[in-house]
Amino acid sequence: MGRFVYVECLVRAPMDALWELTQAPGQHQRWDLRFSEIDYLPRADGEPQWFRYAVRLLPGLVITGAGVTAGDRLDPDDRTSALRFASAHPLSPIRSGSGYWRYVQTSDGVRFLTRYGYRPGWGKAVDLVFRPLIGWATAWSFDRLRLWLETGRTPERSLWQALAEVCVRVLVAATAVALAPPAAAVLVAALAVLLPPLPGTPAARRCLRHPTSRSTSRPPDRQAATAPLPELETR
């Protein structure tokens with residue numbers, strides 16, 4: 001399945017609040033840049049939870065897929081939610097994959113982390129570009145979620161703030177290039193790109209992108225981790 005994507009952030013909020021915003025589909029799709037829609041399917045008692053997801057790339061172009069997840073809440077201070085997913089859509093950059101979310105209570109807050117791998121849908125060459133993008137989108141979304149829980153700033157407001165900040169940076173850089181001497185223009189353009197985002201703007205750079213020695217996780221829930229992919233792809 002190739003290299004894994006890993007993202008971790010520290011969320012200074014109650015464990016139950018973080019669990020709710022990540023496990024409820026209606027809330028999850030609000031903060032996660034990787035999905036446009038997530039819907040749970042009916043399930044019987046004792047069965048893992050199946051879901052459908054959609055990603056709207058362009059108006060009229062929607063990529064759909066299906067997955068299964070199972071949340072482990074036996075330990076209130078160390079929870080794991082495992083998932084397995086797949087898409088049969090011909091334009092999907094991800095054909096199938098699996099991973100988990102882990103929630104670890106610490107004295108400073110909740111360590112919220114994910115680790116997942118996938119089989120590329122567009123081939124290995126395209127995945128050299130796509131994999132860093134999906135890793136960045138995961139980290140940006142985690143920080144967006146963190147801001148929601150820590151400051152009350154909604155995901156929608158965070159998105160508009162991020163877009164506004166990008167526009168301001170582009171405008172400043174373009175103005176400098178057009179009006180300032182070359183040396184000054186280069187300096188201003190570099191600052192516009194390299195200065196960290198405002199504290200209230202989501203930023204992927206605030207998240208860990210590689211596991212540390214303390215990031216070893218328990219095995220994810222076997223019901224989700226062993227769900228057959230052919231069944232996932234046809235649901």
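Author: Let us begin with a term: a residue counts as buried when its relative accessible area is under 20%, as exposed when it is over 50%, and as partly exposed in between. Please keep in mind that this is a predicted model.

Reader: What makes Cys 9 count as buried or exposed?

Author: The relative accessibility of Cys 9 is 4%, and because the cut-off for buried is under 20%, Cys 9 counts as buried. Cys 207, at 8% relative accessibility, falls under that cut-off too, and therefore also counts as buried.

Reader: How do you know how many disulfides the structure holds?

Author: A disulfide requires a pair of cysteine sulfur atoms within 2.5 Å, and the structure holds zero disulfides. For Cys 9, the nearest cysteine sulfur is that of Cys 207, 4.7 Å away. The closest cysteine sulfur to that of Cys 207 is in turn the one in Cys 9, and because their separation of 4.7 Å is not within 2.5 Å, it is too far for a bond.

Reader: Why is Trp 122 called partly exposed, and where is Trp 122 found?

Author: At 42% relative accessibility, Trp 122 lies between the limits of 20% and 50%, so Trp 122 counts as partly exposed. Trp 122 is found in the loop that runs between strand S7 (110-120) and helix H3 (124-151). Together with Leu 91 and Val 126, Trp 122 makes a nonpolar surface patch of about 260 Å².

Reader: What share of the chain counts as buried?

Author: Of its 235 residues, 46% count as buried, and the secondary structure of the chain comes to seven helices and seven strands.

Technical notes:
Residues numbered from 1 in each chain as written. Predicted model: local features only at pLDDT ≥ 70, side-chain atom pairs only at ≥ 80, totals over all residues. Heavy atoms only, no water. Buried < 20%, exposed > 50% of the residue type's maximum accessible area, 1.4 Å probe, protein only. Patch = residues over 30% accessible without salt bridge, like charges linked within 9 Å, V, L, I, M, F, W, Y side chains within 5 Å. Areas by Shrake-Rupley, 256 points an atom, 1.4 Å probe, with all protein chains shown as cover. Salt bridge = Lys/Arg side-chain N within 4 Å of Asp/Glu carboxyl O. Helix = DSSP H or I, 4+ residues; strand = E, 2+ residues; numbered from the N terminus.
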